[in-house]
Amino acid sequence: MSENAAHQHDTQHHPHDGGPGLSGGTLAGGTAIGGAADAAATWDERYRSKPQMWSGKPNPQLVREAGGLRPGKALDLGCGEGADAIWLAQQGWTVTAVDVSAVALDRARSHEKAALAREAVHAADAAIASRITWQQADLEQWQPGASFDLVTAQFLHSQELAWQGPLRTAASAVKPGGTLLVVGHHPDRLPPWGGAGHHHREMFYTGDELVQELGLEGPEWQLEVQTSRERPVTGPEGQHATIADVVVRATRLP
């Protein structure tokens with residue numbers, strides 16, 4: 001989903017802006033359906049149904065929580081059309097961005113290329129190298145194979161795939177001293193136009209449920225932020241509502 005659930009809502013949720021790592025987005029989210037091939041085909045079709053699924057802006061909670069962090073290596077799970085990954089790269093991060101949808105990743109690469117071209121206009125050497133590695137994978141089975149200074153998972157909500165497994169994978173990928181940032185829709189503050197998908201309570205989590213599932217109150221972690229933040233949103237027909245984001249940020253202790 002990445003991008004966002006904050007700015008657009010779909011009945012299915014794809015990871016952030018992006019889209020989720022599962023498939024690329026969430027209420028903005030990612031999804032896996034019966035296996036990697038099915039998940040990829042399903043999300044490819046969803047992306048093809050619209051010229052642009054998400055807003056093109058980074059998720060606001062990512063900007064708020066990661067804006068003050070020292071750049072290093074970042075993992076963006078469910079990168080969707082790439083807004084979060086591109087924003088992180090512009091802040092100096094070296095980013096691994098994962099999504100199940102090849103269509104979403106093609107758009108993300110195109111958006112990055114446009115962003116690099118804009119940056120090159122103002123660069124003395126007119127050569128801005130990419131800081132992003134785009135990777136197609138289904139988070140139901142994907143393992144990172146490395147550790148990161150920042151792991152971000154934005155709006156990983158899906159009817160077809162439980163959130164617990166991918167978010168445990170996210171937590172496991174944080175290196176000592178690194179940051180885990182998970183943002184999702186609060187189950188009690190969903191947009192009224194979300195449709196039948198919002199009736200699946202198991203798709204969503206509270207801060208307490210997330211902290212407990214990931215063991216973030218254990219000795220390996222320092223819990224920095226656990227809160228719910230209200231945010232105004234606009235629906236597909238111009239409706240206005242106030243929803244709430246669950247925001248959890250934790251540091252893995254050395």
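Contact here means heavy atoms within 4.5 Å. Helices (H or I, at least four residues) and strands (E, at least two) are DSSP runs, numbered from the N terminus. The model is predicted: local features need pLDDT of at least 70, side-chain atom pairs count only at pLDDT 80 or more, and totals for chains, interfaces and linings use all residues. Residues are numbered from 1 along each chain as its sequence is written, and side-chain values use heavy atoms, without hydrogens and water.

Start with the sheet. It is open and has seven strands, in the order E3-E2-E1-E4-E5-E7-E6, with mixed pairing. Two strands pair if DSSP finds at least two bridges between them. Strand E3 (132-136) and strand E6 (221-234) are the edges, each pairing on one side only. Further in, four bridges join E1 (residues 73-77) to E4, and the two run parallel. Leu75 stands opposite Val151 in E4.

Now look at the helices on this sheet. Helix H5 (residues 102-121) lies across E2 and E3, at about 165 degrees to E3. Helix H4 (residues 83-90) lies across E1, E2, E3 and E4, at about 155 degrees to E3. Axes are lines fitted to C-alpha atoms, for helices over the stretch in contact, and angles run from 0 to 180 degrees between N-to-C directions.

Zoom in on Thr152, in strand E4 (residues 148-154). Is Thr152 buried or exposed? Thr152 is buried, with a relative accessible area of 0%. Buried means under 20%, exposed over 50%, and partly exposed in between (1.4 Å probe, protein chains only). Thr152 touches Leu62, Leu75, Asp76, Leu77, Leu88 and Leu181, not counting residues up to four places away in sequence.
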